[in-house]
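Hi,

Here is the structure I said I would pass on.

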Amino acid sequence: MAQGCKSILYTAPTGSGKTLLTAHMLHTAASKGMRCLFVVHRRELIKQSAQAFDLEGIKYGIISAGFSEDRSHWVQLASVQTLARRLARVSEPRLIVWDEAHHLAASSWSDIFARYGTSYHIGITATPERLDGKGLGTYFSNLIVGPTVQTLTKQGYLSPYKLYAPSNVDLTGIHTRMGDYEKREINSVVDRPSITGNAIEHYKRLCEGRRAVVFCASIQHSKHVVEQFNAAGIPAAHVDGETPEDERDRAIENFKKGNIQVLSNVEIFGEGFDVPAIEAAILLRPTQSLGYFMQQVGRALRPFEGKNQAIILDHVGNWSRHGLPDDDREWSLEGRPQRARGEGGAGVSVRICPKCFAAMPSGLSVCKYCGEVFPVKPREIIEKDGQLLEIQAEIARKMVRRQQGMAQSMQELFEIGRARGYKNPRAWAYFVFKGRQQKRNRGIAV
Ligand SMILES: [Zn+2]
């Protein structure tokens, strides 16, 4: 800002303390007599932000449905929907901080942004790009990249994790709408007893007794998941954006105490809404949004006393689209190149152990968790060397030799010879067979 930048985007992972950072910035600005606005995405986040402001000792007013306004304070905390409706009544602030700033492309957001043209804008987000992977350069001139997941984990601010991908779903034919999978189509793929059953089985195997949050595709889906967990003897509860506040708070409180082990939701816990004591995340909603993926796994990475490792169960192949939570990511205001988005995009280099289902960087030849030796796939050799044809020819030669070596009788050799289109397969088979017998007689193993 000292250099003249008026719009700055700050990115750092979920759990890096963005709310506290925001509170500190607002406090400092307000103490200098600047009118400030903090814009949040959801009504639920008003209460949470208010708590952070209270801790920081900030005096503030709230612009949100259900709260009476008090404009006497330098800092105003606003939900985007309410602010958009009352825009004419709210005078232009000196500083606006945008929570979850990747939403700026939405019209209600960009209308507010455009109206406050002379304000300083600071955007805060864990994933500085739009849902479709496009950048936020339209709104911000500078990008500040905070510490990475790896750094925060090393420093103890985030919990180490293990990601398992014990199953995947077939998304063939699923359409994309607004940059992500079509919700109804997705729901019909994931809302199945077999998939939930698989999730329960692996929950029991890998994190029985630990508090897990499940991310579902729809309210109906989430309710079905909860039914099945309860039927399996694992106490579970469902919450969504429509759940009455007291009921939701009760569920979260019970989860915190461990009376409920599995808390299932659709989107509410993804964005900013803090649930303490999460030890595991169960992903049952496939998404093309790196933002959703990072927010969901980010929930499980918050450390607390007695937790040594988070478990992430990815049953829907989100790892294949987004890589691992602590992969290094190159952010820019221009967004990611097209090829780096979506299924198997560049930069995703993850291997799932076929034995224990744990995910790890693809460079390893042995599972770092269970010691399983990975088979080398021809495709990987090709990718490494780039000498496609030569390697394919070599693989073909090897396979031919193996096939020939496995043939036990002259008849089998004859079949091979014929399949290979030899001129006289019978004679060829005879020579190969005789040759073997002679070797055997001389004591050479064949
Ligand atoms: Zn393994």
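First, the ground rules. This is a predicted model, so I kept local features only at pLDDT of at least 70 and side-chain atom pairs only at pLDDT 80 or more, while totals for chains, interfaces and linings use all residues. Numbering starts from 1 along each chain as its sequence is written. Helices (H or I, at least four residues) and strands (E, at least two) are DSSP runs, numbered from the N terminus.

**The helix pair**

Helix α7 (residues 193–207) packs against helix α8 (residues 219–231) at about 50°, and their axes are 10 Å apart. That makes α7 oblique to α8. Angles under 35 degrees count as roughly parallel, over 145 as roughly antiparallel, 65 to 115 as roughly perpendicular and the rest as oblique. The axes are lines fitted to C-alpha atoms over the stretch in contact, with angles running from 0 to 180 degrees between N-to-C directions.

On the α7 side the contact is made by P193, T196, G197 and I200, and on the α8 side by H224, V225, Q228 and F229. Contact here requires C-beta atoms, placed from the backbone, to lie within 7 Å. By class, the contact has 4 nonpolar, 4 polar and no charged residues. For the classes, Ala, Val, Leu, Ile, Met, Phe, Trp, Tyr, Cys and Pro are nonpolar, Asp, Glu, Lys and Arg are charged, and the others, Gly among them, are polar.

**Helix α14**

In α14 (residues 410–419), the buried residues are L413, F414 and G417. Seen down the axis, they fall within an arc of 105°, so they line one face of the helix; the arc is that of the directions from the helix axis to the C-beta atoms. Buried means 20 or more other C-beta atoms within 10 Å of a residue's own, exposed 12 or fewer, and partly exposed in between, again with C-beta atoms placed from the backbone.

Q411 and A419 are exposed on the face turned away from the buried side. The cover over the buried residues includes α15 (425–441). Just after α14, G421 takes a positive phi of about 80°.

**Two loop residues**

E100 sits in the loop between β5 (95–98) and α4 (107–115). Its phi is near 50°, a positive value in a residue other than glycine. E100 is buried, with 23 other C-beta atoms within 10 Å.

M178, in the loop between β9 (176–177) and β10 (180–181), has a positive phi of about 55° although it is not a glycine. M178 counts as exposed, with 9 C-beta neighbours inside 10 Å.

Cheers

Definitions and conventions:
Contact = placed C-beta atoms within 7 Å.
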